[in-house]
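Me: I am new to this structure and would like to learn how to read its salt bridges. Could you walk me through some cases?

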Amino acid sequence: MVYQITNPYTNQVEKVYANHSSSEIENALEKGDRLYRKWRNSSFESRVTTLRAVSQLFLDKTDEIATIITRDMGKRFIEAQGEVLISAEIAKYYADHAAEFMAVRPFKSRMGDAQLVPKPIGVLMAVEPWNFPIYQLMRVFAPNYILGNPMVYKHASNTPGSAEAFAELLLEVGVEAGACTNLFIDYDQVNQIIADKRVQGVALTGSERAGALIAAEAGKNLKRSSLELGGSDPFVILHDANLSEIEKIIGQARLYNAGQVCTSSKRFIVTTENYETIVKMLSQAFSKAVMGDPFDGGTTLAPLSSLKAKKDLVKQVEAAIENGATLAYGDMSKNQGDDCFFSPVVLTDIAKSNPAYYQEFFGPVGQIYQVADDDAAIELANDSNYGLSGVLFSGDLEHGTDFAKRIETGGVFVNSYGGTLPELPFGGVKRSGYGHELSELGFEAFMNPELIVARNTPIDLDSAFGGFL
Ligand code: NAP
């Protein structure tokens with residue numbers, strides 16, 4: 001496993017990193033475990049102060065951190081700045097809500113005074129992807145830092161700059177050594193860490209392939225896990241949708257982060273009366289994309305994260321066309337060079353028998369499907385192996401919301417972009433994974449709601465439960 005920065009804009013290797021040794025892994029786990037034991041029975045208050053400082057540091061150093069992200073994986077600088085800002089917001093959100101989420105929850109029971117006490121479970125192993133290399137780490141770190149779960153993480157091998165920077169930034173504002181440790185390690189070492197008895201949970205964001213392997217390791221070792229995997233999210237356009245509103249966002253709904261977003265709109269599903277208009281609209285939006293240096297403010301479409309990612313996507317689109325899809329917009333001859341840029345394409349006429357029908361396209365590829373009516377739109381939206389998120393447009397909010405509830409997915413945004421905010425739960429169903437990050441649900445992902453029941457004297461077994469306990 002080689003950790004190196006290959007700048008996607010230049011396709012040049014900029015820095016190679018040395019892997020961590022077994023003793024460094026042991027040191028990270030030992031320190032993490034010690035912190036867990038200390039935090040388990042002490043107040044979280046000082047961590048709130050430190051997490052606020054983390055948030056402020058990310059605001060103060062937005063451009064510096066954004067530069068690291070853009071060099072690592074090539075996204076537009078403005079998008080990288082946005083990623084740092086949302087990461088700062090996540091830290092602030094968990095600091096602001098710490099007292100509420102850590103509050104003891106008393107409840108009534110015939111057994112006595114019962115309460116649930118939020119407790120950590122131990123050191124966590126996080127495996128994270130390159131597409132949001134800072135935000136993804138913050139999603140796991142911030143809630144678990146308040147709760148008292150230290151973490152070690154293995155980041156994607158193509159974003160080592162972000163991986164290293166994240167842990168260093170935390171130390172700068174006083175996050176304890178061992179609370180969040182970056183490890184440049186291989187897959188076997190990840191498995192060894194999962195098996196370690198000091199480690200009690202695994203969070204993975206990534207592909208289905210990695211998700212299945214990591215979940216198997218977690219299962220084998222009886223460790224709690226959460227998986228945030230791929231998506232082929234629908235963008236459903238009901239018959240009464242306001243097309244001029246859609247026009248404002250349709251391009252960015254697919255091209256943001258060069259289309260490499262698990263929740264980006266990948267399948268545009270539209271009823272017959274609006275089909276031609278939407279094909280033209282998406283094509284037109286794609287035609288305006290300006291590919292170039294991600295640091296240049298005039299660039300609207302960045303390169304993909306690596307040459308391999310581009311070549312894989314080219315193959316996938318070519319296979320879709322060979323299997324009968326129509327290239328409604330775009331020119332695949334522009335996508336043959338040895339650079340990381342992918343000129344956007346629109347695919348239509350994708351039959352159910354076409355492998356593309358069930359695949360996720362991780363880049364600037366829009367798939368458009370024509371359906372007879374609104375019911376058929378929902379049926380097609382649900383005919384997917386994934387269920388991460390979705391967008392639905394309707395001229396009637398009530399009608400739209402009713403239809404949104406019929407989509408089998410983690411969440412639907414009606415008449416808007418899909419988006420992420422600290423207070424919105426993030427998680428999927430089907431092959432998009434399980435568990436949640438962000439919001440209070442994300443806080444609970446690796447929490448032990450420890451039950452304490454207190455009485456002055458033992459309960460009388462026979463009278464209380466008829467002898468059953
Ligand atoms: P990937 O290959 O699964 O990589 C993700 C992470 O998993 C990387 O750190 C990778 O390390 C590691 N990894 C892969 N196989 C592993 C194994 N057997 N054991 C331990 N670690 C392993 O994912 P990708 O294809 O680069 O990323 C894109 C995918 O992630 C897409 O499917 C996308 O939809 C999904 N994604 C989902 C979300 C979400 O929140 N649901 C967010 C972002 C991305 P290496 O880099 O060293 O291989």
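Reply: Happy to! Keep in mind that this is a predicted model. Let's begin with lysine 92, which is partly exposed at 42% relative accessibility.

Me: Which residue does lysine 92 form a salt bridge with?

Reply: The general idea is to look for a side-chain nitrogen of Lys or Arg within 4 Å of a carboxyl oxygen of Asp or Glu. Here the partner is aspartate 96, with the closest N and O atoms 2.7 Å apart. Aspartate 96 is partly exposed too, at 37%.

Me: What separates lysine 220 and glutamate 217 along helix H9?

Reply: About one helical turn, since they are three residues apart in that helix (residues 208-220). Lysine 220 is exposed at 61%, whereas glutamate 217 is buried at 15%.

Me: Is arginine 139 buried or exposed?

Reply: For this we use a cut-off: buried means under 20% relative accessible area. Arginine 139 has 2%, so it counts as buried. Glutamate 437 is buried as well, at 4%. These two form a salt bridge, their closest N and O atoms being 2.7 Å apart. The pair links distant parts of the chain, 298 residues apart: arginine 139 is in helix H6 (residues 135-147), and glutamate 437 is in the loop between strand E19 (433-434) and helix H15 (439-444).

Me: How many salt bridges does a search of the whole structure find?

Reply: It finds 23. Salt bridges can also form a network, as with Glu26, Asp196 and Arg198.

Notes. Residues are numbered from 1 along each chain as its sequence is written. This is a predicted model: local features need pLDDT of at least 70, side-chain atom pairs count only at pLDDT 80 or more; totals for chains, interfaces and linings use all residues. Side-chain values use heavy atoms; hydrogens and water are left out. Buried means under 20% relative accessible area, exposed over 50%, partly exposed in between (1.4 Å probe, protein chains only). Helices (H or I, at least four residues) and strands (E, at least two) are DSSP runs, numbered from the N terminus.
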